[in-house]
Amino acid sequence: MNVFETLESEVRSYCRGWPTVFTKAVGSHLHDENGRDYLDFFAGAGTLNYGHNHPVLKRALIDYLESDGVTHALDMHTAAKRTLLETLHRVVLRPRGLEYKVQFPGPTGANAVESALKLARKVTGRETILSFTNAFHGMTLGALAVTGNSMKRRSAGVPLQHSMPMPYDDYLDGQTPDFLWLNAILEDSGSGLDAPAAIIVETVQGEGGVNVARAEWLRELAEVCKRHEILLIVDDVQMGCGRTGPFFSFETAGITPDIVVLSKSLSGYGLPFALTLFRPELDVWEPGEHNGTFRGHNPAFVTATKALEHFWSDDAFSEQTVAKGERLGAALDKLVADNADIGAYRRGRGMVWGFGADDPGLAGKVCAAAFDRGLLLETSGPLSEVAKVLPPLTATDDELDAGMEIMADSLRAARSA
Ligand code: PMP
């Protein structure tokens, strides 16, 4: 027995699928204490879009620490925070014509989601938040109430209220016109639905099975929200910071959400950091009304600033992500064609893809075989039925090809097991 098994709670999860002890990580690779190398096609669940320990970000972090820069500062003004805000405005918000105010809500995605839900409720004076089937927004009670997964919801131990799920894009297999149900219950005063404060949506559901919303579906959703004066919250925790190509995943649809939540790859270095962005008119917070100790994690501000400058000062990185995503998509197309006999399918956008087949258990077997072959690949979806392909955006073409070859080999092994 090792200390992880004797001391660490049964709640541990990823380590069960990847039973080794990691010691080092560089770029798209992790290394374990036995000297084995693993290609990382999970990237910290979308936290390491720029890879592990990116040298430019690492340099900025080391320089900051060595200069005795402030590490913890609640929400006090610091030079690092000022530079971050100025850079965010110059590099991300202004070029996109986005006039968002910026809230530091605490360092996790769930913190940001909670702040967004609370703000929407405060602004509108309404309670209900509409969410979508197979959505994932975090583990705290408010975020769980708008999350689909039944196992995660059960863990709450109390009723999850003031929310209601709607069918996500293609949930009904194209048999029903988009938003038929949503429009009907919003427009019928006898439907039993209290006027909602907000609708929260992921443009691609990362945890829910890599379900991709079409741009026209997102545009129609934004229209419905506008028509009924419902705030639109885009949870870009996993799909933001370039995962689908542009900095914000909703840019391709041409919509402007009222509230946006970001975390995961925001610091660029795996340092905890989240932001909630919203239209200035929505800034009705009282000072300190949504508080938190770790809202001033300045080392994360430093790496985030450097990441924005380094990757987002022009369109090159975004264009490169789209090209790499097409490369992955083509490799998955081949996998699907070669495995048509078992109902193989793939879906995705940019650098997030999912692969599955008729047998929902296959994806788990593929991921286990991939680990044996030195590739970190994780499942997604309510039945863990989808193998999720989520490499760092900085992965080279050779690394992408190598990972896809291991995946194909793992699939062959899983099929014949
Ligand atoms: N929203 C989305 C879309 C996510 O993917 C996640 C994490 N997987 C969260 C919220 C919650 O983030 P955290 O685990 O940092 O609380």
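My entries follow in that order.

**Ground rules.** I worked on a predicted model, where local features need pLDDT of at least 70, side-chain atom pairs count only at pLDDT 80 or more, and totals for chains, interfaces and linings use all residues. Residues are numbered from 1 along each chain as its sequence is written, and side-chain values use heavy atoms, with hydrogens and water left out.

**Helix H5.** I looked up H5, residues 79-93. Helices are DSSP runs of H or I, at least four residues, and strands are runs of E, at least two, numbered from the N terminus. H5 reaches 20 Å from first to last C-alpha, close to the 21 Å expected (1.5 Å times one less than its number of residues).

**Cores.** I next checked the nonpolar cores (buried Ala, Val, Leu, Ile, Met, Phe, Trp, Tyr and Cys joined through side-chain atoms within 4.5 Å). The largest has 87 residues, and Leu221, Phe248, Leu377 and Met407 have the most contacts inside it. H11 gives the largest share, eight residues. Domain 1 (3-54 + 315-416) and domain 2 (58-311) both contribute, so this core lies between them; the bounds come from an automatic or database domain assignment. Another core, of 21 residues, lies apart and includes Ala112 and Ile233.

**Contacts.** Met407 touches Leu332, Phe355 and Leu377, among others, not counting residues up to four places away in sequence (contact: heavy atoms within 4.5 Å).

Key: Buried < 20%, exposed > 50% of the residue type's maximum accessible area, 1.4 Å probe, protein only.
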